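Please read it alongside the model shown here.

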Amino acid sequence: MAKVIAGVATSHVPAIGVAMDQGKTEEPYWKPVFAGYQKSREWIEELKPDVAIVVYNDHATAFSLEVIPTFALGCADEFQPADEGWGPRPVPVVKGHPELAWHIAQSVILDEFDLTIVNKMEVDHGLTVPLSLLFGQPEEWPCPVIPLCVNVVQYPPPTGNRCYNLGKAIRKAVESFDKDLRVVVFGTGGMSHQLQAERAGLINPEFDNRFLDELIAEPEAASRIAHLDYLREAGSEGIELVMWLVMRGALERDVEVINRHYHVPASNTAVGHLVLENVSD
Ligand code: DHB
Ligand code: FE
């Protein structure tokens, strides 16, 4: 049977992708950001997962205000990196895993999580930057990727609790797939940041570190954080953190922390990163 073996949480700041694409990772501004990912890169290279489910948000790239799915699961054979205004990032095409993706769609929809099934979708920095951070700059991504896109751009986004429970349903779906696949779930976005209006530039390390602590040890508490609390404490784009709860819900209650990294600033954002493994494995 397939199994979720680990979770990865990471910010997906577009400037991180640009720094990698333009060879700037050793510059003083970026060096400490990337240094915190080194251990995770070695870990995932050794782990060699068979599939990655990447929970991310589209930033008005594949979807616009014309169509706003709350949860959209990528079931296609492949997903092209999008042109976000500066041309598509020079990263490999993202190959999907349609068989597992359709199985997840069936399982979670019958479990009453009404995902949108997407058979054609471009993927933006929300998905490609986390892949670059963990896998570096390979010719091909080392494993197939199932994109799970969450609306955190247009109010109302899903609650943290809904995301946490969707993660649990995804775990159940994976564990009922009859092939021996070792699956890693990525939750992306965050941490605190606000890109607009009077509070643009807001960063709140106290909130972020409490969120990291709770996500690890008390995920139910993290799942109950209200939208207004994200907005007030973590800024308007801090709401991206609900996507980390999908990843956490897909893991067991008790997890081992393989890596934890927090660095301010990266572009307008507090960069946060966790690698978690199930204790029982
Ligand atoms: C930034 C962060 C994001 O998560 C994003 O989607 C766009 C920009 C930033 O910090 O610049
Ligand atoms: Fe974002």
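## The largest pocket

Helix 1 contributes five residues to the lining of the largest pocket, the most of any element; helices (H or I, at least four residues) and strands (E, at least two) are DSSP runs, numbered from the N terminus. This is a predicted model, in which local features need pLDDT of at least 70 and side-chain atom pairs count only at pLDDT 80 or more, while totals for chains, interfaces and linings use all residues. Residues are numbered from 1 along each chain as its sequence is written, chains are lettered from A and ligands numbered from 1 in the order in which they are written, and side-chain values use heavy atoms, with hydrogens and water left out.

A pocket is found on a 1 Å grid over the protein atoms alone, as an open set of points where a 1.4 Å probe fits, with protein on both sides within 12 Å along at least five of seven lines, and its lining residues have an atom within 4 Å of a point. The largest pocket holds about 860 Å³ of space, a volume being the space filled by probe spheres set on the points, which are joined across faces, edges and corners. Its lining comprises 38 residues, with P14, H59, H125, L195 and E240 nearest the centre. The elements that give two or more residues to this lining are helix 1 (14-21) and helix 9 (227-234). By class, the lining of the largest pocket has 16 nonpolar, 17 polar and five charged residues, where Ala, Val, Leu, Ile, Met, Phe, Trp, Tyr, Cys and Pro count as nonpolar, Asp, Glu, Lys and Arg as charged, and the others, Gly among them, as polar.

## Ligand 1

Ligand 1 takes up the space of the largest pocket, the criterion being that more than half of its atoms lie within 2 Å of the grid points.

Polar contacts are pairs of N or O atoms within 3.5 Å. Oxygen atoms of ligand 1 lie 2.2 Å from a polar side-chain atom of T269, 2.6 Å from a side-chain N or O atom of H59 and 3.2 Å from a polar side-chain atom of E240.

## Backbone geometry

Most residues other than glycine have a negative phi, and most peptide bonds are trans. A cis bond, with omega about -5°, joins G190 and M191. The peptide bond from V264 to P265 is also cis, with omega near -5°, and P265 lies in strand 9 (residues 255-266). E112 has a positive phi, near 80°.

Notes
Polar contact = N/O pair within 3.5 Å; in protein donor to acceptor, adjacent residues only side chain to side chain.
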